[in-house]
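Subject: Model for your files

Hello,

Please find the structure below, with the sequence. My notes on it come after.

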Amino acid sequence: MAQPLTCPQCGQGKVFRSRCHTLMELVQSLAYISPFHCQSCSFRFPASRLGRSYPAQMVDRREHLRIPVRLFLSFSGGKVRGEGAVLDISMGGCIIESQAPVHVDDIFYLQIALEDDQAPLEVAAMVRSVSSRGIAFKFLRAAQENKRLLAFVHAKTESFGPRSST
Ligand SMILES: [Zn+2]
């Protein structure tokens, strides 16, 4: 009886086999060890495919599931301060609507109002791109371990209901 594969980081079962990105992963795949990707928390990990069940399709969608939101945010960094609205968010970053004059690679400290009655989520992020759609931020490493962000993304992913296969 095959054991369903679960994510070692968050314990959720929404893991998909991912394509090999590195030589190490290619070598491991010869021993039935494949990279897997957790859709809930975006954790990537190697696991043995033997005796395990997991969704048959190879999902190579964006590594981070993006969640459309409408959240108030303020940010600061260097001499620039601004406010705006978060349009979508994932464990990897967010896209915001703002007129603030920012440049690619600038680092900002974001304060995102996740819930009305609680202190804002504070994360450091780097500007990845600026376009008419908005400013795309990439969260710096520490943010990805942020428990509140993880819980928020989880809750939204659940209510979004990526078809439950179990
Ligand atoms: Zn996970």
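What follows is a short account of the strands and of some backbone angles.

This is a predicted model: local features need pLDDT of at least 70, side-chain atom pairs count only at pLDDT 80 or more, and totals for chains, interfaces and linings use all residues. Residues are numbered from 1 along each chain as its sequence is written.

Two terms first. Helices (H or I, at least four residues) and strands (E, at least two) are DSSP runs, numbered from the N terminus. Two strands count as paired if DSSP finds at least two bridges between them.

The three-stranded sheet

Strands S2, S3 and S4 form an open sheet in the order S2-S3-S4, and the pairing is antiparallel. S2 (15-17) and S4 (44-48) are the edge strands, each pairing on one side only. On average, neighbouring strands of this sheet are turned by 40° against each other, direction ignored; the axes behind this angle are lines fitted to C-alpha atoms, for helices over the stretch in contact, and angles run from 0 to 180 degrees between N-to-C directions. S3 (residues 33-38) and S4 run antiparallel and are joined by five bridges. Phe36 stands opposite Phe45 in S4.

Two residues with positive phi

Most residues other than glycine have a negative phi. Tyr32 has a positive value, with phi near 60°. Tyr32 lies in the loop between helix H1 (23-29) and S3. Ser42 also has a positive phi, near 70°, and sits in the loop between S3 and S4.

Are these two residues buried or exposed? A residue is called buried if 20 or more other C-beta atoms lie within 10 Å of its own, exposed if 12 or fewer, and partly exposed in between, with C-beta atoms placed from the backbone. Tyr32 is exposed because 12 other C-beta atoms lie within 10 Å. Ser42 is buried, with 20 other C-beta atoms within 10 Å.

S6 (residues 67-77) and S7 (residues 80-89) run antiparallel, joined by nine bridges. Leu71 stands opposite Val86 in S7. The two strands form a hairpin with two residues between them, and Gly78 in the turn has a positive phi of about 60°.

S6 also pairs with S9 (residues 107-112), in the antiparallel sense, over four bridges. There, Ser74 has Gln111 in S9 as its bridge partner.

Regards
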